[in-house]
There are 2 protein chains.
Amino acid sequence: MRDVAIIGVGDTRFGEIWDKSFREIGIEAGLKALEDANVGAEQIDALYVGNMSAGKFIDQEHVSALVADYAGLANQHPATFRLEGGGAGGGLALASAFMAVASGLWDVVVAGGAEKMTDVGEEEANRILSSTADQEWETVFGATHAALHAMVARRHMYDFGTTREQLAAVAVKNHRNGAKNPNAQYQRELTLEAVLEAPVVADPLGVLDCAPLSDGAAVVVLCPMDMARKFNDTPVRIVGLGVASDTIALHDRRDITTMDSTVVAGKRALHMAKVGTDEIQLAEVHDNYTISEILAIEDLRFVEKGKGGPATEEGVTELDGDIAVNPSGGLKARGQPVGATGIAQAVEVVRQLRGEADARQVDGAEVGLTHVQGGTGATAVVHVFRREN
Amino acid sequence: MRDVAIIGVGDTRFGEIWDKSFREIGIEAGLKALEDANVGAEQIDALYVGNMSAGKFIDQEHVSALVADYAGLANQHPATFRLEGGGAGGGLALASAFMAVASGLWDVVVAGGAEKMTDVGEEEANRILSSTADQEWETVFGATHAALHAMVARRHMYDFGTTREQLAAVAVKNHRNGAKNPNAQYQRELTLEAVLEAPVVADPLGVLDCAPLSDGAAVVVLCPMDMARKFNDTPVRIVGLGVASDTIALHDRRDITTMDSTVVAGKRALHMAKVGTDEIQLAEVHDNYTISEILAIEDLRFVEKGKGGPATEEGVTELDGDIAVNPSGGLKARGQPVGATGIAQAVEVVRQLRGEADARQVDGAEVGLTHVQGGTGATAVVHVFRREN
């Protein structure tokens, strides 16, 4: 298996991008990544696109060939793939691109993610998001992702004494980080009071506990490690990956306060990377709801089970804490174009490991991790990255 | 790169399967494939699902985790991926599963494809199928796949003198083969007259020039070649694969009577396989319309450009011809559950190479090929297979 490096990254600002189409935001991020990588478009062998539901959001399936075409690549006929796994699609695209390079089949491979969600309106967008839960046993009875995550939050509060304020502390931290990210959807800080007083979506989660609907795209460029320095001097190596699934319906889990898919994907990725949890200096994790980040940092073993709330409140996961979690602002403040998430996380980790994260830079970052999940944790993808320069 | 074998295959009968759900047909095919492979479910490392539009057909995205869950695998948390590329999704799933095994990351990997299309009614199903064409420049103006393929057919008739009867001969041949396939949707022969007199869908294509809407699933089990004989004695090796894209809109092509994606994917696959076109004894190709098969056999270089019509009429592609094309009955008679197509083709080739194809057996088959395309040829995937026993 060949070693694989990320040699270029690019993203759009996330938000309500009403003046650009799906294909335009995909290309915007892609061109930035190619320029960053010093790679010419003619060198691209294959393109992987993470996308959740372009079929429903913009009435367009087959978006992998679409993006390659509009990027001007049609004449060289690159291999193109679309990966979907709810919120984990970007992570699956990155894992697939990794395998393509690692296998030796292709050399220069682009992995991107894009979603255009805001054109359909809020109610329809939330209905579409629900189609990653179990249609026959959850969605058809009216379950939404917010409702399912609210049940998780309520049980976590009951089992571990997690407080409403601790949930809110996740949003406050991630907005503080997002305020330092020029590509974040929300570049403003939030007070704890604002989060606590926001309208309730599904008790105990208020609207400021929920990541927004977003448009956006993110792209990374991969090649074999031994080819990376031909392109630039700042390669970041993908040292581990783990992919794991679980029951699609939340009610079938042995315990709804632990995401077993995250636990297993995390173990697999760290085992492959030969990296201990204590070596991870920063992590981008799936904070589609504030409770999700608390579960993620527990299930990835950054903190003891049940201690995610107090740890957040005490600053353990701040930029200057023991482990910086969601330095980009996370889904909560950077934004949540679903299929782009896993790639956007990789973009942030690469910037951090290169020391290019400006006001939100984690000092001396050498090892970072990304974590995405699909549905209410039916799919989880974890990658571990190490700087090589 | 490790050599990769297919050690088990399974499929459902294709057709209007109104008494079973998406998840049920996926599992039915999967269990048959595992039994055929002598593989226990607990040995599965990863699951790849080709699917075009479950989001629209059954309001369910995230079908990879769904199928793994309902197959009883949730407790072992396999890695799960959904691949989409219009009609090429099954081929992309197979290519991705190949890379996962070839890279050394995973050993026992399942690649399946499934689609449940008939519950939404014919008009809506055709509308959904159109979402693999270019939404902004084709679909929004009313272009359907039948209309686009009709233009291709008309131009092919003009450029090469292809006749209406030659188009119809594809349907007659594929129904003759389908009549010998117990899992085909249509197990009855058609006369040339019946095809010629069928109601017109888009001139010159009649309803019997078009593959049907179908429900169905197909599954193959992959492992490293050097592990294959632990499971059974009839491994089939995947010796080559090629994936290629093209402009998504038909009007942007340099020539609409040649599918460049097929030309390029075919060359890439044969180059990797170190196999000459003349060594291919049988091929399953993408005959969603009769004209599509004529293009495919030309663009894969089985016959000279422009000679696909006469060759079909003369019996070159019959079961006992120079090269047996669509021995299963193809999309036309076996059926067309879109995301399952690429996998179903592999199932047929494996059965042929094992000598298990009964009444439709191609004598002495040792090397076979599969070809799927997405949209009107914006994606093409070609695999080459060789028997190893």
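Which residue of β3(B) is the bridge partner of Glu84(A)? In β3(B), that partner is Arg82(B).

This is a predicted model, in which local features need pLDDT of at least 70, side-chain atom pairs count only at pLDDT 80 or more, and totals for chains, interfaces and linings use all residues. Residues are numbered from 1 along each chain as its sequence is written, while chains are lettered from A and ligands numbered from 1 in the order in which they are written.

The bridge belongs to a pairing (at least two bridges found by DSSP between two strands), in which β3(A) and β3 (residues 79-84) of chain B run in the antiparallel sense over three bridges. Helices (H or I, at least four residues) and strands (E, at least two) are DSSP runs, numbered from the N terminus.

Chain A and chain B each give 50 residues to their contact, where two residues are in contact if their C-beta atoms, placed from the backbone, lie within 7 Å. Among the elements that give two or more residues to this side of chain A are α3 (63-70), β3 (79-84) and α10 (260-273).

Within chain A, the assignment, which is automatic or from a database, gives domain 1 (4-122 + 214-228) and domain 2 (133-212 + 238-387). Their C-alpha centres lie 23 Å apart, and their contact takes 35 residues from domain 1 and 32 residues from domain 2. On the domain 1 side, α4(A) gives the most, with eight residues.

The table divides two sides by residue class (Ala, Val, Leu, Ile, Met, Phe, Trp, Tyr, Cys and Pro nonpolar; Asp, Glu, Lys and Arg charged; the others, Gly among them, polar).

| Side | Residues by class |
|---|---|
| Chain A, touching chain B | 21 nonpolar, 21 polar, eight charged residues |
| Domain 1 of chain A, touching domain 2 of chain A | 18 nonpolar, 13 polar, four charged residues |
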